[in-house]
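Reader: I am new to this structure and would like to learn how to read it. Could you show it to me and then take me through its features one by one?

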Amino acid sequence: ELVSSIQDDNDAIFVIHIGTNNLGSGELPAPTAEGIISVSKYVLENTVGRVVIVQVLPRGDGKEVLPTLCPPRCRDSKNGVKAPFKSFLPAVDMVNAKLQKHHLGTDLPREYKGRFSLLDCGSPFLLDDDDDDEGEEVNITLMPDRLHPNVNGQRLLLQCVIDCIHRKTC
């Protein structure tokens, strides 16, 4: 529930950064994105401030977590046996693509013109193609557990959000 003083504040900015735990617990990308969109709509419908959705950050803990989710979250292997997915990155990309499609192609931005933005802060957390970090998918200097940004990662994430808000580019 939102406090009425915040609900009625035209200057309030609500930053929504959710979704990765849904994927990590086995939820598929489409329902994960729909949940993010639903929370955003709730905030927009019940406040007069702005909403900034931060796209789901990459996560590199698939080797440890994905085998525990198979079944039911499995892929078909070459021999026809179900096998765990190898990475969360395709699922994260699917969630973010659905959020982008929703942001660009539906009534949400028009209905709440000027109050809704989508922000991508994920690139610093991905490895460059040139990096060869023994099979790592994310920058472990920013995400040592391959999921949560450390202090430096949090600073980068916060700076991304602050830049967006101050420049009104998101």
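Author: What follows is a conversation about the chain, its cores, its salt bridges and its pockets. This is a predicted model, in which local features need pLDDT of at least 70 and side-chain atom pairs count only at pLDDT 80 or more, while totals for chains, interfaces and linings use all residues. Residues are numbered from 1 along each chain as its sequence is written, and side-chain values use heavy atoms, with hydrogens and water left out.

Reader: How many helices and strands are there in the protein chain?

Author: Helices (H or I, at least four residues) and strands (E, at least two) are DSSP runs, numbered from the N terminus. Here the protein chain has seven helices and five strands, and from the N terminus on they follow the order α-β-α-α-β-α-β-β-α-α-β-α. The C-alpha trace spans about 55 × 30 × 30 Å along its principal axes.

Reader: What share of the 170 residues is buried?

Author: Buried means under 20% relative accessible area, exposed over 50%, and partly exposed in between, with a 1.4 Å probe and protein chains only. In the protein chain, buried residues make up 41% of the 170 residues.

Reader: Which residues have the most contacts inside the largest nonpolar core?

Author: A nonpolar core is a set of buried Ala, Val, Leu, Ile, Met, Phe, Trp, Tyr and Cys residues joined through side-chain atoms within 4.5 Å. The largest one holds 23 residues, and those with the most contacts inside it are Leu-23, Ile-36, Val-51, Ile-53, Phe-88, Val-95 and Leu-99. Two or more residues of this core come from each of β1 (13–16), α3 (29–46), β2 (50–54), α5 (89–105) and β5 (116–119), and the largest share, five residues, is given by α3. Apart from this core lies another, of 13 residues, including Leu-119, Phe-125, Val-138 and Val-161.

Reader: How many salt bridges does a search of the whole structure find?

Author: A salt bridge is a side-chain nitrogen of Lys or Arg within 4 Å of a carboxyl oxygen of Asp or Glu. The search finds four, one of which joins the side chains of Lys-98 and Glu-34 at 3.0 Å, N to O. This pair links distant parts of the chain, with Lys-98 in helix α5 and Glu-34 in helix α3, 64 residues apart.

Reader: Are Asp-61 and Arg-59 buried or exposed?

Author: The side chains of Asp-61 and Arg-59 meet in a salt bridge of 2.7 Å, N to O. Asp-61 is buried, with a relative accessible area of 7%, and Arg-59 counts as buried at 3%. Lys-82 also forms a salt bridge, with Asp-76, the closest N and O atoms being 2.7 Å apart; here Lys-82 is exposed at 53%, and Asp-76 is exposed at 55%.

Reader: Which residues lie nearest the centre of the largest pocket?

Author: Rolling a probe the size of a water molecule over the atoms shows where empty space is left. On a 1 Å grid over the protein atoms alone, a pocket is an open set of points where a 1.4 Å probe fits, with protein on both sides within 12 Å along at least five of seven lines, and lining residues have an atom within 4 Å of a point. The largest pocket is lined by 13 residues, of which His-17, Thr-20, Leu-57, Leu-147 and His-148 lie nearest its centre.
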